[in-house]
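Here are my notes for you on this model. Keep the viewer open and look up each spot as you read.

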Amino acid sequence: MGLKQNLHNFKVKNKDKKWIPAFNALFTFLYMPNETTHGGTHVKAADDLKRTMNTVIIALVPCLIFGMFNAGYQHYLALGDIESAKGFLGASFWTWDNLVIGIIKVLPLVIVSYGVGLGVEFLFAIIKGHEVEEGYLVTGMLVPLIVPIDIPLWMLAVAVIFGVVIGKEVFGGTGMNILNPALTIRAFLFFAYPTWMSGDKVWVHGAVERAGTPDAISGETLLGAYAQNNTLAGIDYWDMFWGLIPGSVGETSKFLIIIGGLFLIFTKIGSWRIILSTVIGALVMGLIFNGVVDAGWISETSKFYGLMSVPFWQHLIIGSILFGAVYMATDPVTASQTNKGKWIYGFLIGFISIMIRVFNPAYPEGVFLAILLMNVFAPTIDHYVVQGNVKRRMKRLKAKVA
Amino acid sequence: MSKDIRIKKGLDIKLVGEAEKTTENAIRSNFYSVRPEDFHSIIPKLVAKEGTRVKAGETLFYNKDYEDMKFVSPVSGEVTEIQRGPRRRIDAIKITADKEQDFLDHGTFDASASGEKVKEHLLASGCWPFIKQRPYDIIANPENSPKAIFISGYASAPLAADLDYTLQGKEKELQTAVNALAKLTEGDLHISVGQNGNSPFSGLDNIKIHKVSGPHPSGNVGTLINKIDPVNKGEVVWTVNAQDLVIIGELLLTGKFNAERIIAFAGSSVKKPRYFKTKIGAEVATMIYDNGVEKDGNDRIISGNVLTGKQVAPDGHLDYYNNVITVIPEGDDYEFFGWNKPVFDKISTSRAFTFSWLNPKKKYDLNTNTNGEHRAFVVTGNYEEVFPLDIYPMQILKACMYKDLDEMEALGMYEVAPEDFALTEFICVSKQPHQKIIREGLDLMLKEIG
């Protein structure tokens, strides 16, 4: 009672100060505000934006924790210090040593992402005199999960500033942006520092510094290997499904992503239409490529052969297509906003992702580019869906007049 | 071609404090007030100056743009105060009621008279304001000829007065009123009744009955219009509240403007929710304290239901169009970690650690807290789940916000009223004022297009 009253008095006393949005942002995390309804409906439903964003974060936490263990596991596995885990509950996976690497390498990514991103948000809120909006809560969690483990922290900081300012604030803040901010950050990193974002060195902790030395370890992802018509030794489908493979920090465990996706669908926070249609789109494109291979149109020497001949369903468990479908494509602000539009939007994301994956061997993961591309087209899709409704109305009028 | 209407999209907001079906006569209010703001977009021209004695049914003011449209006093008494706002706008006309009520005789109406005569009579006797029109959701323009008239005989709003109960035994007045109204349109008179109810409308002639079922807003007249015969550009439909038909009917039968109305007194702050017989404009304080709310309780008194009603002070008055007074607790307190802890005692359409989906029959005690701060539109697809009209709710709201008249028109602005957006406002995660946005959009169209 005392704390609440003190904070309230402090808020009232300083309500004209420029920095009050910053204080309010912290205050409202502790206490839901005492605002009451004026005009309009006198009661409101329980959900607010904080709760919505929080639900997505909860869905992401298992991926983060898994990613921390996986960081150490991949590191020691590549060094040959431990046995492969053989299954999700494998003894060599959930170990303290693995977690320590995770804490050293992954936690700083989270802290930098949140620290820098929220700093920018607070700054803009104070400059523009509005409340701090919650949009970055999810973005800040996504960013560490979609970057390679060894990325230098200053790069991440630069990218976050770029992504939040150019990707979101210039459009007017949360709810107004056209491109998914997390993917804008990743795209910035990808084009500004390509050597840190792709290739066969960056995906396992320690691979970069050991490159060229006698201790060199491979830091390659499965996709990279497939793209070069190779396979990685010692990885079976279950490893891919459980996530015991190298990759961006949090996107390897398909199992936990599916759990998170089901949670989002159950809570009605994530759009099941987008998730489902993205998966369908990816499968359809995979089937088409399988058909091309079966028809013998490309030979085994073709550089596309490796990924094109992957059985269609395996596309879902390699790379980050599932992560993109569940956590990125469903961002309501940048996705299509109509239900029909969501089907089209999701389908095209899946379709184009696999297409890029196959046709771009230099950088085989196409999900983030596909989502960014469809972000741009989402308003167009919506426009045509809404026009359907408008046309129906016009037709009704014409039928009356005639 | 009576048609059954069954809607699936919507949400029943079940609240504690439903009115029990017993009617008491409210303590007679000494003061009555008529507030011109109830009549949206009407500019009043005052007739009854301060100190004038009026009979019940005598003109208080008329519409400046349409002088034949009179607004009459609900009671006989003395006009004691004209409350004015900025620029001498009339805020309220206060009348101190006589002990003995004295009615102005408008004359019994000849049932075989023509539509023109009906119109004149309703305009002169103060019954016209009960007729509203769409587009724009304003008092009907008497010069138009509506393509149909719609009446909802089924109230689905939270804690609404049960029309089957309040209109019981008024079949004669209702029939007289619908007979007269039917003459004003070339089309039909559509009335919706509840699927299971025993509506006084069901026995009437001269009307088309539609049985509606499903969650709120199944009983909204806007839903009925959209499902039967949506408003196209250039068309007009009229709507009348069911309880006001009784007043119209009685006026036609007896010549007396009897503003009596049975209202529900409901809400979780009310000790014994029940029905009252009272009059339009009656002071709320005459009803709410007897077996009702605590004198110094921290409550909100609403003239109307919790979704569309107006907040009134205890010395405020029942407004012209409502038949409910709802009292619910104010929610002006902070809630520790209210945004992330599991919620069992509030309604939600999501399942984001909100558990109202577990128990759809449970009745809730909601307060007026906004449960979060105002934000830009972020979440999509949730409005559609509670919005049964064939309109894209979020798109039309945004069109209103950026004032694109062509787009508003194309998206169906002629068909809607603010109350149609009450549910989307209730569930809005960004706490946007949907009804206000629509009202302002309609006002803009009215001004620009007319």
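This is a predicted model: local features need pLDDT of at least 70, side-chain atom pairs count only at pLDDT 80 or more; totals for chains, interfaces and linings use all residues.

1. Start where the two chains meet. Chain B puts 60 residues into the contact, and chain A puts in 49. On chain B, the elements giving two or more residues to the side that touches chain A are β18 (299-303), β21 (335-336), α7 (393-401), α8 (405-411), α9 (422-427) and α10 (434-448). The largest share of that side comes from α9(B), with four residues. Sorted by class, the side of chain B that touches chain A has 25 nonpolar, 20 polar and 15 charged residues.

2. Which strand of chain A is joined to β21(B)? That would be β1 (residues 31-32) of chain A, linked to β21(B) by two bridges, with the strands running antiparallel. To find the spot, look for M32(A), whose bridge partner in β21(B) is E335(B). As background, strands of a sheet pair through backbone hydrogen bonds, either parallel or antiparallel.

3. Next, pick out the seven-stranded open sheet of chain B. Its order is β1-β14-β13-β12-β15-β10-β11, and the pairing is mixed. At the edges stand β1 (5-6) and β11 of chain B; each has a single partner strand, so one side of each is left without a neighbour in the sheet. Helix α4(B) packs on this sheet and touches β1, β10, β12 (148-152), β13, β14 and β15 (237-241) of chain B. The direction of α4(B) makes about 135° with that of β12(B).

4. Strand β13 (residues 189-194) of chain B is joined to β14(B) by five bridges, and the two run parallel. One pair to click on is H190(B) with its bridge partner in β14(B), K208(B).

5. Now try β6 (residues 59-63) of chain B. This strand is mostly covered, with four of its five residues buried. Strand β4 (residues 44-46) of chain B runs antiparallel to β6(B) and is joined to it by three bridges. There, P44(B) has N63(B) as its bridge partner. Strand β7 (residues 66-72) of chain B also pairs with β6(B) in the antiparallel sense, over four bridges. A hairpin of two residues joins β6(B) to β7(B). N63(B) turns up here as well, with Y66(B) as its bridge partner in β7(B).

6. Check two peptide bonds in chain B. The bond from R134(B) to P135(B) is cis, with omega near 5°, and P135(B) sits in the loop between β10 (131-134) and β11 (138-139) of chain B. The bond from H216(B) to P217(B) is cis too, with omega near 10°. You'll find P217(B) in the loop between β14 (208-213) and α4 (221-228) of chain B.

7. R88(B) isn't a glycine, yet its phi is positive, near 55°. This residue is in the loop between β8 (77-84) and β9 (90-97) of chain B. D137(B), also not a glycine, has a positive phi of about 55° and lies in the loop between β10 and β11 of chain B.

8. Is R88(B) buried or exposed? It counts as exposed, because it has 8 C-beta neighbours inside 10 Å and the cut-off for exposed is 12 or fewer. D137(B) has 21 such neighbours inside 10 Å, so it counts as buried; that label needs 20 or more.

9. Back to chain A for the record. An unreviewed UniProt entry annotates "transmembrane region" over several stretches of chain A, including 312-330 and 342-360. In the model, residues 312-330 of chain A are 42% helix and 0% strand, with end C-alpha atoms 23 Å apart. Residues 342-360 of chain A are 95% helix and 0% strand, and their end C-alpha atoms lie 26 Å apart.

10. Beyond its neighbours within four places in sequence, I263(B) is in contact with several residues, among them A161(B), Y275(B), L318(B) and I325(B).

Note on methods:
Residues are numbered from 1 along each chain as its sequence is written. Chains are lettered from A and ligands numbered from 1 in the order in which they are written. Two residues are in contact if their C-beta atoms, placed from the backbone, lie within 7 Å. Ala, Val, Leu, Ile, Met, Phe, Trp, Tyr, Cys and Pro count as nonpolar, Asp, Glu, Lys and Arg as charged, and the others, Gly among them, as polar. Two strands pair if DSSP finds at least two bridges between them. UniProt positions are given in the numbering used here, feature names are shortened, and annotations may be inferred rather than shown by experiment. Axes are lines fitted to C-alpha atoms, for helices over the stretch in contact, and angles run from 0 to 180 degrees between N-to-C directions.
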